[in-house]
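Have a look at the model, then read on.

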Amino acid sequence: MKNEFSLKDKSVLITGAAGGIGEATARVCAELGASLVLADLVEPLELASELKASGTIVETYGFDVTDRMATERIIEGLDRLDAVVVNAGFCPWDDWSDDGWDDVFNRVIDVNLQGVLHLTRACLPRMCESGSGNIVLVSSVAGRMGGLKASPHYVAAKGGVNALVKWMARKAAPYGVVVNAVAPGATATGMTTGQSFNADAIPLQRLAEPREIALPISFLCSSAASYICGTTLDVNGGVFMN
Ligand SMILES: NC(=O)c1ccc[n+]([C@@H]2O[C@H](COP(=O)([O-])OP(=O)(O)OC[C@H]3O[C@@H](n4cnc5c(N)ncnc54)[C@H](O)[C@@H]3O)[C@@H](O)[C@H]2O)c1
């Protein structure tokens, strides 16, 4: 019997794959049979060699998602592309009154919002031409309800992602390509290291483990999600219930 949740014979590109949610997603996708294209600012070679040793086909790339030309060059060079996890992001825990904050604002928007546009704009035409594909944007609960402690640049960027997913989904759906997002709550990764969160503000009373975000992302990469279109899936321990 065909397993619709399997990623066998699918090639999945993941940005921000060197750690946290991206790395966990790479591991889950590998377990589900995908071949992987792993990208980060620096090529995630260590993870790639570990996954290759257990039989996964892996390619790696190092590029900055704010670099449109680099993004397009890499996408053009790929032999195959069935699913894309647009995951790279960063979240400075600063205050909007800090010196130089406006520059940080621009960088946060560049990475978390324009980087999303660069990658999806590069991937969509070939997916639409092939008549299938799954794109998963990694947003945040911060874009839903303002976050528990995120700064406004990050909230604005992720709110933008939550709006864009609908625009992209409408554009892609007639060609058989589905675009969705996952909006995680606070998750135990490098991004939240050193930050304290009030567990009482989270109905499940704890941060998510990266794998708990990776599993729904992997589901949205699979044929099991073939009729889910333009959704932002909340994976936040109950902090925000839509
Ligand atoms: N950790 C959380 O609490 C949380 C909550 C909601 C959403 N998210 C989102 O999940 C995604 C993954 O975050 P994470 O928690 O795994 O963080 P992380 O810091 O562990 O991983 C982010 C990865 O993105 C990469 N990256 C950052 N800027 C980049 C750039 N310009 N070009 C290429 N790669 C870049 C980093 O090198 C890093 O490996 C992000 O989009 C983040 O906003 C995280």
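Helices (H or I, at least four residues) and strands (E, at least two) are DSSP runs here, numbered from the N terminus. Keep in mind that this is a predicted model: local features need pLDDT of at least 70, side-chain atom pairs count only at pLDDT 80 or more, and totals for chains, interfaces and linings use all residues. Residues are numbered from 1 along each chain as its sequence is written, and side-chain values use heavy atoms, with hydrogens and water left out.

**The annotated stretch**
- UniProt, in an unreviewed entry, lists residues 10-185 as "domain: Ketoreductase"; such annotations may be inferred rather than shown by experiment.
- Across residues 10-185, the chain is 49% helix and 19% strand, with 28 Å between the end C-alpha atoms.

**Who's around the ligand**
- There are 28 residues around the ligand, and I21, D40, N87, Y154 and T189 come nearest (a residue is near if one of its heavy atoms lies within 4 Å).
- Three helices, α1 (20-31), α4 (101-130) and α6 (152-172), each supply at least two residues of that shell.

- The side chain of D40 puts an N or O atom 2.5 Å from a ligand oxygen atom.
- For I21 it's a backbone N or O atom, 2.8 Å from an oxygen atom of the ligand.
- R107 has a side-chain N or O atom 3.5 Å from a nitrogen atom of the ligand.

Note on methods: Polar contact = N/O pair within 3.5 Å; in protein donor to acceptor, adjacent residues only side chain to side chain.
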